Amino acid sequence: HHHPALSQSVTGEEKEDPLLQLTAETFTDAVDQHPHLFVQFYAPWCHHCTAMEQDWHSLASLAATEAHQDLALTVARVDGVAHPSLSDRYIRGFPTLLLFLDGDAEGPLEYVYEREVDKLLQWASDRIAGIPLEKYTPISTDFDESKVMVLDDNTFDAFLSSSSSSNLLVNFCDPAQIACQNAYYQFALLAESPAVSSGQLHLAKVDAFRHQGLA
């Protein structure tokens, strides 16, 4: 008579973790079967993925509560390294957060804002409600970029030697990576800091994708 207890414990575990773990084999069916599917593509080595893990689990739990059942939102994740066929089709970097609305596997919406549970839920709710995207500002645009110098293979060494009297913070980045765009935004916020205004700190960025010799 141990079987009933066993099945109870299994359903108990399922309730505890409403986050779907998808694979290349189960992905298409999942998009078909769930009215709205919000998917995180992650890599086991990706620091930004680890940093947002708690928020993603919280989002899954929130979406599964009665208060939000009208949203019909299911939260899922895919190991993009283990399933390259999906990564190649949908993403350019990790983490990528895609919302598949109404079973449409062709045109998911990408979330490119702060990876924080309340904002994730609000954004998904707005998209499901059909509110257009215009009211959002991607987090990579609200700063004065003129204070950040762009360096390349030719100017890098010259700049380093010329600014030896002060500190230099260089952001190496592949612009196609959303995580890089987010990091660059944080980096560029430093442009407003007193250290930069007074010339103690210089900011520069290198497009690591185009100038791989430096990276």
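User: In this predicted model, which residue of β3 is the bridge partner of Val-39?
Analyst: Strand β2 (residues 36-42) pairs with β3 in the parallel sense, over seven bridges. Within β3, the residue that partners Val-39 is Ala-76.

User: Which residue stands opposite Leu-20 in β3?
Analyst: Strand β1 (residues 20-22) runs parallel to β3, and three bridges join the two strands. The β3 residue facing Leu-20 is Ala-76.

User: What is the orientation of α4 to α6?
Analyst: Helix α4 (residues 53-63) packs with helix α6 (residues 117-128) at an angle of about 50 degrees, and their axes lie 9 Å apart. Angles of 65 to 115 degrees count as roughly perpendicular and those under 35 degrees as roughly parallel. The orientation of α4 to α6 is therefore oblique.

User: How do the residues of the contact of α4 with α6 divide into nonpolar, polar and charged?
Analyst: The crossing of α4 past α6 is right-handed. From α4, Asp-55, Trp-56, Ser-58, Leu-59 and Leu-62 meet Val-117, Leu-120 and Leu-121 of α6. The residues of this contact divide into six nonpolar, one polar and one charged.

Notes. Residues numbered from 1 in each chain as written. Predicted model: local features only at pLDDT ≥ 70, side-chain atom pairs only at ≥ 80, totals over all residues. Heavy atoms only, no water. Axes fitted to C-alpha atoms, helices over the stretch in contact; angles between N-to-C directions. Helix = DSSP H or I, 4+ residues; strand = E, 2+ residues; numbered from the N terminus. Parallel < 35°, antiparallel > 145°, perpendicular 65-115°, else oblique. Left-handed = near helix turned anticlockwise from the far one by under 90°. Contact = heavy atoms within 4.5 Å. Nonpolar A, V, L, I, M, F, W, Y, C, P; charged D, E, K, R; others polar. Pairing = 2+ DSSP bridges.
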